[in-house]
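Visitor: I am new here. Please show me the molecule, and then let me ask a few things.

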Amino acid sequence: MESYITLLLHKVEQYGLANIELFKLKAIKIISDLMSDILTSFAIIFLCIFCIFFLNVALALWIGEIMGKNYLGFLIVAGIYGLTIILISSTLPFFRKNVKNNFISYLTNL
């Protein structure tokens with residue numbers, strides 16, 4: 001009888017250790033998926049910012065050429081960005097709520 005109890009306890013211990021290992025592996029998968037998503041997103045964002053920067057410089061130079069003075073092109077492009085910042089700032093609570101909801105949705109669907 002005692003050997004059955006010992007065998008049962010041994011099996012329960014093995015089951016518990018297997019569950020712990022499974023939990024670790026699932027956590028590693030979730031973290032690695034999240035990190036790969038973050039790193040690839042940062043790479044894409046960096047390249048987009050780099051591209052947008054040069055497009056803005058080209059636009060400013062083009063507008064400056066049309067206006068006859070380069071600094072006017074840069075001022076106009078800066079003014080466009082200033083208006084964009086004001087527009088985004090006025091709608092910031094909506095964006096924050098949307099980002100928060102998307103993040104929660106992403107984490108719950110893992």
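**A short tour**

Visitor: What separates K29 and D33 in helix α1?
Guide: Helices are DSSP runs (H or I, at least four residues; strands are E, at least two), numbered from the N terminus. K29 and D33 are 4 residues apart in helix α1, so the separation is about one helical turn.

Visitor: What kind of model is this?
Guide: Residues are numbered from 1 along each chain as its sequence is written, and side-chain values use heavy atoms, with hydrogens and water left out. Local features need pLDDT of at least 70, side-chain atom pairs count only at pLDDT 80 or more, and totals for chains, interfaces and linings use all residues, as the model is predicted.

Visitor: In the salt bridge of K29 with D33, how far apart are the closest N and O atoms?
Guide: A salt bridge is a side-chain nitrogen of Lys or Arg within 4 Å of a carboxyl oxygen of Asp or Glu. The whole structure holds 1 salt bridge. For K29 and D33, the closest N and O atoms lie apart by 2.7 Å.

Visitor: Is N56 buried or exposed?
Guide: N56 sits in helix α1 (residues 2-67). Buried means under 20% relative accessible area, exposed over 50%, and partly exposed in between (1.4 Å probe, protein chains only). The relative accessible area of N56 is 18%, so N56 is buried.

Visitor: Which residues does N56 touch, not counting those up to four places away in sequence?
Guide: Contact means heavy atoms within 4.5 Å. With residues up to four places away in sequence left out, N56 touches V77 and Y81.

Visitor: At what angle do the axes of helices α2 and α3 cross?
Guide: Two packed helices are described by the angle between their axes and the distance between the axes. Axes are lines fitted to C-alpha atoms, for helices over the stretch in contact, with angles from 0 to 180 degrees between N-to-C directions. Helix α2 (residues 70-90) and helix α3 (residues 92-108) have axes that come within 4 Å and cross at roughly 65°.

Visitor: Which residues of α3 make the contact with α2?
Guide: On the α2 side, the contact uses I88, S89 and S90. On the α3 side, the residues are L92, P93 and F95.

Visitor: Is V99 buried or exposed?
Guide: V99 lies in helix α3. Its relative accessibility is 57%, so V99 counts as exposed.

Visitor: What distance separates the C-alpha atoms of V99 and D33?
Guide: V99 and D33 are 66 residues apart along the chain. Their C-alpha atoms are separated by 19 Å.
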